Amino acid sequence: MLIYRVLWGGILLSVVLIFIGLLLGSLSPGQLPQTPLKPAELATALVSLSPAGFLALGVIAMILTPVARVFLSILVYLEERDRVYVLITVIVLANLLFGIVLGFA
Amino acid sequence: MFPLGVTLVALLVAAILAGVAGSYLGIGGGILLIPFMTLALSVDIRVAIATSIVGVIATSTGAASVYVRDRLSHLRLGMFLEVATTLGAIAGAFVAILVPDRNVLFILFGIVMIYATGYMVRPGVATTASDAKVTSRLAARLKLADEYVDQADGTTRAYDVARPGVGFGFGAIAGAVSGLLGVGGGFIQVPLMTVVMKIPTKPAVATSNFMIGVTAAASAFIYYSGGFLDPTLAGVIVVGVFAGTRVGTRLMVRARPGMIRLAFAVLLAAIGVLMILKAFIPGLIV
C-alpha cells in the first residue's frame with residue numbers, strides 16, 4: 001500500500017507541476033524551454049516563477065518516482081530481514097545512481 | 001518546422017490518443033509517439049527518444065501502482081530482473097547519444113516496430129498457471145515461487161518461475177532496447193516471462209509494467225544530463241498520456257478488440273517501414 005501511494009503521489013505531483021508550467025508558458029509566450037535545466041539553474045527558475053522551472057521540476061519528479069519506489073523497497077526488505085533482497089535492491093538503486101553520476105560526468 | 005503552439009497542440013492530441021491506444025491494445029505510448037514526433041513534427045530522433053522515456057515512466061508508473069495494489073506484480077522477480085534491465089538501459093542510452101549516425105536509430109526503431117506489430121497480432125495464448133513444475137536452485141534461493149489472485153473468478157493461483165538466469169540475460173537486452181530507442185519494451189519482457197520463465201500472463205504483464213518505470217528512469221537521467229530531454233515536449237506528453245491512459249483502461253474493461261487490433265497492427269507496420277525509409281530519404285514526409 002505504501003508503494004501504491006508513493007507511485008500515485010509521484011505522478012500527481014509531477015502532472016500538477018507540469019500543468020502549472022505549461023499554463024504559465026502559454027500565458028507568457030516564448031518562455032517555454034527546449035533543453036533541460038541544469039540542477040544549479042533550477043532554484044533561480046523556480047523563485048522567478050518561470051515555466052521552465054515548473055516543467056523541469058515536474059519532469060524530475062516523474063523520473064524520481066520509480067527511484068523513490070526502489071529506495072522504499074530497501075526499507076521494506078530490511079524490515080522483513082530479507083538479506084538477499086536488501087542486497088538486490090541496493091544494487092538496483094546503485095545502478096540508478098550510477099546512471100545519474102555517469103550522465104553528469 | 002511548425003510554430004511551437006501548433007506542435008504542442010498536435011503532440012498533446014497524439015499523446016492522448018497514444019495513451020488510449022496503448023492501454024487498449026497493450027502496447028506502450030513510445031512506439032507511437034516517437035514516429036509521430038520525428039516524421040510529422042520533425043523533432044530530432046534523440047530528443048524524441050529522450051522525451052518519450054519520460055512518457056514511458058508516466059504510463060508504467062500509473063499502471064504499476066494499480067497492479068501493485070491488486071497484488072498482481074511479482075515484486076521480488078521484478079527487482080531481480082531490474083538489476084539487469086537498468087544496466088542495459090544505461091548502456092543503450094549511451095549508445096544512442098554517442099552513435100555518430102542518427103539514421104542507425106531510425107533503422108533500428110523501424111525494425112523493433114515491425115517486431116512489436118507481430119507481438120500485437122499474436123500475443124500468445126493467455127495462461128493462468130505454470131504447468132511445468134520447475135524448481136531451479138537459483139529460483140529457490142531467490143524465493144521466486146509466488147501466487148496471484150485472478151480477478152476473473154477470484155481464485156488464488158500459485159506459480160513457479162523457470163530459468164531465472166536466462167531471464168536475467170534477456171532482461172539486459174530488453175533494458176538496452178528501452179534505453180536505446182525510448183520505448184518501454186513490454187513486447188520483449190512479457191513473452192520473456194510467459195514463454196521462457198513460464199509465468200502466467202496476468203502477473204507477467206503486471207510485473208513487466210512494474211519494471212518498465214525503473215528501467216526507463218535509469219536512461220532518463222543520461223538523456224536529461226546529455227541535454228536531449230525537451231521539458232516542454234515531455235510535459236505535454238506526460239499530461240496527454242496520463243489523460244489518455246485513464247480513458248483507455250476503461251475502454252479495455254468493456255470491449256474486446258479484434259478487427260481494430262488488426263487494422264492498428266497494419267498501420268504500425270507501415271509506420272515502421274516509413275521509419276526505415278526515413279534513414280535513406282531525409283526529406284520524407286516533412
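How much area do chain A and chain B bury between them? This tour of a predicted model begins with that question.

**The two chains together**

Show chain A and chain B in two colours. The two chains bury about 4200 Å² between them, and 79% of that area is on carbon and sulfur atoms. The size of an interface is often given as the accessible area lost when the parts come together. The contact involves 46 residues of chain A and 49 residues of chain B.

**The chain A side**

Select P36(A), I63(A) and Y85(A). In chain A, these residues lose the most area to chain B, and together they make up 14% of what that side buries.

Turn next to the polar links. Between chain A and chain B there are seven residue pairs in polar contact, counting pairs with both residues at pLDDT 80 or more. Now colour the helices α1, α3 and α4 (83–104) of chain A, the elements that give two or more residues to the side touching chain B. By class, that side of chain A has 35 nonpolar, nine polar and two charged residues.

**Salt bridges**

Over all chains, the structure holds three salt bridges. The closest N and O atoms of the E82(B)–R69(A) salt bridge are 3.0 Å apart. The count of salt bridges between chain A and chain B is two.

Finish at the second largest pocket, with a volume of about 580 Å³. To find its centre, select V68(B), R71(B), S73(B), L75(B) and R76(B), the closest to that centre of the 24 lining residues. Then show α1 (2–27) and α3 (51–79) of chain A, with α3 (45–69), α4 (75–98) and β1 (146–150) of chain B; each gives two or more residues to the lining. Coloured by class, the lining of this pocket shows twelve nonpolar, four polar and eight charged residues.

How values were computed: Residues numbered from 1 in each chain as written. Chains lettered and ligands numbered in written order. Predicted model: local features only at pLDDT ≥ 70, side-chain atom pairs only at ≥ 80, totals over all residues. Heavy atoms only, no water. 1 Å grid on protein atoms, 1.4 Å probe; cavity = no way out; pocket = protein on both sides within 12 Å on 5 of 7 lines; lining within 4 Å. Points joined across faces, edges and corners; volume = space filled by probe spheres on them. Helix = DSSP H or I, 4+ residues; strand = E, 2+ residues; numbered from the N terminus. Nonpolar A, V, L, I, M, F, W, Y, C, P; charged D, E, K, R; others polar. Contact = heavy atoms within 4.5 Å. Buried area = accessible area lost by both parts, 1.4 Å probe. Salt bridge = Lys/Arg side-chain N within 4 Å of Asp/Glu carboxyl O. Polar contact = N/O pair within 3.5 Å; in protein donor to acceptor, adjacent residues only side chain to side chain.
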